[in-house]
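Please look over the structure below. Then use the briefing to find your way around it.

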Amino acid sequence: MGRILLATSAVVLLLLLVVVSAPTPSRVAPEHSQAVHQPAIQDKVDLRTLQARYKVLSKQLSQLMPHQPYILVDTARNRLYVKQQEQVVLDAIASTGSGTILDKPGEGKNQWIFDTPRGEFLVKSKLTNPTWIKPDWAFVEEGLAVPQNAADRAEQGVLGEYALGFGKGYFIHGTLYTRLLGKNVTHGCIRLNDSDLKGVYKLARVGTPIMIF
Amino acid sequence: MNLCAILLLLAFTTPSWGKDIEAFPDLNLNNPHELKEATRVLEEELKLAARPQTYLLIDLGGSMIHIKGRGIGLHQIPIIAWASGSRENLKGIHRLVARPSVVRRKIEPGAGVEQEPISLVDMPTDYVLSFSPSLSVTVVPSVSSDSLLQSVVLLGKVGWRNMKDWTSGLLTHRSSEPMSHLRLTLSVDHTQSLAWSLVDGMALVIRRPTDK
């Protein structure tokens, strides 16, 4: 009887040991769920960090955009716009560079290329009733000798009532040849009709950005 | 209290504060891969937008080429189709070595004959753009009767260019970087429009699509 009791106790103890040592679902589940939840929480944190970074960078980019009116010139389609952020304040038909070339006399292979420069520029000067100081190419193109006297280069009334200089001798100005507006005919300057020129002159300040593409 | 009111007023009246400008409106803000790519591109673009220049952003995910300056979209050119080798090498800022060449008409001094100006129709419709560091972008028009022949010719051009780069690398004993390729299919007008707008040394950033 004693032996039977001892054997039964041993079996019960063994069973208890097995039950206790066996992985129960209730024990495994928290460990397992922790293993799943930990990266999920981490992913969420990463996502929020990325979203925040994206917002910050977007804001930084928008802060580089001009918040005052700027001039946009499309040389392929000969259009000039004055824009304030996304809004078009003025839309004008223009004439831009012809892309033709002219040899510089006595300078071997050096040439003038009559392109409107592309990139970002600033309005550097605002002139009323500007006088055109004819550059060398204007005389060479006509087959004339380049004058030695500076006064012989001055020509009145060909640039319209206003001119906005944006560096290296390039201007936004008026024209006598309004029938050529919308075409690539200039030596690099940007021509407008009188009323559009007046509008641009009023809207632009010295320092206004000019984006040309 | 008054200070708070002033700050609140400023937040709603100052354009850059009151309005959140999304750099990529098509972006899925819940996709970490898209976000990572967008932030990478924005980091690159911020460097370019901080300087007075125009630059290119090729958005492969949005199928659009953007000509930009100071972060502003100046002009957009839709991409019909594109293909690339390894997308890994499309990261970073690339600079255009030279814009596509165009035949310019010469003015004869004193001839009194007005030379025909260059216009969009004079621009090439298929061309290969070389960028530094090593990247070549092949631009092809979408509509073409002899597209097979054109593809063969373009493939030859790219192959020839790669061979030249490889041999010059051998001759100068410099380690040749792996050349990345991108092929863009645009409408005929847009191939010419892109060629027109390019400037020597123009910077390029590419936004790569993420596999969803």
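The notes below cover the contact between two chains, then one sheet from each chain.

This is a predicted model. In it, 37 residues of chain A are in contact with 43 residues of chain B. Chain A has an open sheet of four strands, and chain B has an open sheet of nine strands.

**Where chain A touches chain B**

- Several elements of chain A each supply at least two residues of the side that touches chain B.
- Two of these are helices of chain A: α2 (25-64) and α3 (136-141).
- The others are strands of chain A: β1 (70-74), β5 (101-103), β7 (119-122) and β13 (184-186).
- The most comes from α2(A), which gives 13 residues to this side.
- By class, this side of chain A has 16 nonpolar residues, 13 polar ones and eight charged ones.

**The sheet in chain A**

- The strand order is β8-β11-β12-β14 (chain A), and the pairing is mixed.
- At the edges lie β8 (125-128) and β14 (190-191) of chain A. Each of these edge strands pairs on one side only.
- Strand β12 (residues 171-173) of chain A runs parallel to β14(A), and two bridges join them.
- A:His173 has A:Arg191, in β14(A), as its bridge partner.
- Helix α4 (residues 194-203) of chain A packs on this sheet. The helix touches β8, β11 (162-165) and β12 of chain A.
- The direction of α4(A) makes about 50 degrees with that of β11(A).

**The sheet in chain B**

- Here the strand order is β3-β2-β1-β9-β5-β6-β7-β8-β4 (chain B), again with mixed pairing.
- The edge strands are β3 (72-78) and β4 (81-84) of chain B, and each pairs on one side only.
- From one strand to the next, the twist averages 25 degrees.
- Strand β2 (residues 64-69) of chain B pairs with β3(B) in the antiparallel sense, over six bridges.
- B:Met64 has B:Pro78, in β3(B), as its bridge partner.

**Helices on the chain B sheet**

- Helix α3 (residues 32-49) of chain B packs on the sheet. This helix touches β1 (54-59) and β9 (203-207) of chain B.
- The direction of α3(B) makes about 165 degrees with that of β9(B).
- Helix α5 (residues 188-197) of chain B lies across β2, β3, β6 (127-132), β7 (135-141) and β8 (180-186) of chain B.
- Helix α5(B) runs at about 145 degrees to β3(B).

Definitions and conventions: Residues are numbered from 1 along each chain as its sequence is written. Chains are lettered from A and ligands numbered from 1 in the order in which they are written. This is a predicted model: local features need pLDDT of at least 70, side-chain atom pairs count only at pLDDT 80 or more; totals for chains, interfaces and linings use all residues. Two residues are in contact if their C-beta atoms, placed from the backbone, lie within 7 Å. Ala, Val, Leu, Ile, Met, Phe, Trp, Tyr, Cys and Pro count as nonpolar, Asp, Glu, Lys and Arg as charged, and the others, Gly among them, as polar. Two strands pair if DSSP finds at least two bridges between them. Axes are lines fitted to C-alpha atoms, for helices over the stretch in contact, and angles run from 0 to 180 degrees between N-to-C directions.
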